[in-house]
Amino acid sequence: MNKFKRSWLLFKSSLLIMARNKQLLVFPTVVFAFTLLILLFFLVPVTLRPTGYSYFSGQHWQAISHSLFVQTTDANGRATQTLSSVAMVYLVFMYFVSMFFATFFNVAFYHEILAALKGEVVSIPRGLKFACTRWKAVLMWTIFAGIVGLIIKQIEERLGIVGRIIGRFIGLAWSVASVFVIPIIVQDEHANPITMLKNSAGILKRTWGESLIGYVGIRLASGLIMIASMVLLIGTLIGSVVLNNYWPIAIVGVLWIVAMFVLSYLTSVAGQIFKGALYLYATTGIVPEPYSQEMLDS
């Protein structure tokens, strides 16, 4: 089967999985809400602590800034602002905690994606409950991935332009190699982070063509829909100018923005389901409905 044709069929199959299990569409929203609450939990105590000034005054925010930053002098004698040691420790701690919960919620999400692919009913509470049983694996991966992220950041900051280029390449390679780590945590709670990364890279190697073409197919499909919608938007704009009535373009513009958000959301969830289907097939040989052997077999 032609790779692009197969990728289109995979995309449609992913949409069918979503249609059958609508809670998969709710899950990312729940994840976003929890993530936002976690960020607020860390940011509110820092930014809204009493300073003697109104929260709406410039003096309050200046006081907050002075407590977080210290003035230093660089090698050329120029004064610069850098984070204080306490602020740096707090920021790193918030970084690791945010990564932990992001991984935790993704484990819950993928547990339910794999359940849906096996024909089971999707349940958000069950996914979250399952993620609690994987907290050790989530913690180990968070520490490992967080340290790698900090190392990449240091390379980018300390080596100038060359460091930024090297850091971008390392970051890209890391993102690609770790693409199947979350499903691996779902399936194997005893794997250490290095083994997770090796297994993820191995699965990617076995499904490289399908992974690449599949994601290109999903993005291409959404891109074609976006182009078609922009033609409609431009046509409405021209019509509004000719008729000297700008209400149509205002209404269509708002609807277009909403439609693009929905399309982006659906494309993202479809991509996660597609990745789950590839992982399930590559590791167990199971071909979940409505996929077929011909679709997934390279």
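Predicted model: local features only at pLDDT ≥ 70, side-chain atom pairs only at ≥ 80, totals over all residues.
User: How many helices and strands does the protein have, and in what order do they run?

Analyst: Helices (H or I, at least four residues) and strands (E, at least two) are DSSP runs, numbered from the N terminus. Here there are 12 helices and 2 strands, and from the N terminus the order is α-α-α-β-β-α-α-α-α-α-α-α-α-α.

User: What share of the residues counts as buried?

Analyst: Buried means under 20% relative accessible area, exposed means over 50%, and partly exposed lies in between, with a 1.4 Å probe and protein chains only. By that rule, 37% of the 298 residues of the protein are buried.

User: Which residues make the nonpolar surface patch?

Analyst: A patch is made of residues with over 30% relative accessible area and no salt bridge, where nonpolar side chains (Val, Leu, Ile, Met, Phe, Trp, Tyr) are joined within 5 Å and like charges within 9 Å. A salt bridge, in turn, is a side-chain nitrogen of Lys or Arg within 4 Å of a carboxyl oxygen of Asp or Glu. The nonpolar patch here covers about 1,000 Å², and its members include Phe 32, Phe 34, Leu 40, Tyr 55 and Trp 61. Helix H2 (residues 23–47) gives the largest share, 6 residues. Leu 40 sits in helix H2, and with 41% relative accessibility Leu 40 counts as partly exposed.

User: Is Ile 64 buried or exposed, and what does it contact?

Analyst: Contact means heavy atoms within 4.5 Å. Ile 64 belongs to helix H3 (residues 58–68) and is buried, at 4% relative accessibility. Neighbours within four places in sequence aside, Ile 64 is in contact with Val 46, Thr 47, Arg 49 and Thr 51. The C-alpha atoms of Ile 64 and Thr 47 lie 6.5 Å apart, although 17 residues separate the two in sequence.

User: Which residues form a salt bridge?

Analyst: Side chains of opposite charge can pair when their charged atoms come close. The count comes to 1 salt bridge, and in it the closest N and O atoms of Glu 112 and Arg 126 are 2.5 Å apart. The pair links distant parts of the chain, since Glu 112 is in helix H4 (residues 85–117) and Arg 126 is in helix H5 (residues 124–133), 14 residues apart. Glu 112 is buried at 0% relative accessibility, whereas Arg 126 is partly exposed at 30%.

User: How many aromatic pairs are there, and how is one described?

Analyst: A pair of aromatic rings is described by the distance of the centres and the angle of the planes. Rings of Phe, Tyr and Trp (its six-membered ring) pair if their centres lie within 6.5 Å, and planes under 30 degrees apart count as stacked, over 60 as edge-to-face and the rest as tilted. The whole structure has 15 aromatic pairs. One of them joins Tyr 95 and Phe 96, edge-to-face with 5.3 Å between centres and 75 degrees between planes. Phe 104 and Phe 105 have ring centres 5.5 Å apart and planes at 80 degrees, so this pair is edge-to-face.

Notes:
Residues numbered from 1 in each chain as written. Heavy atoms only, no water. Areas by Shrake-Rupley, 256 points an atom, 1.4 Å probe, with all protein chains shown as cover.
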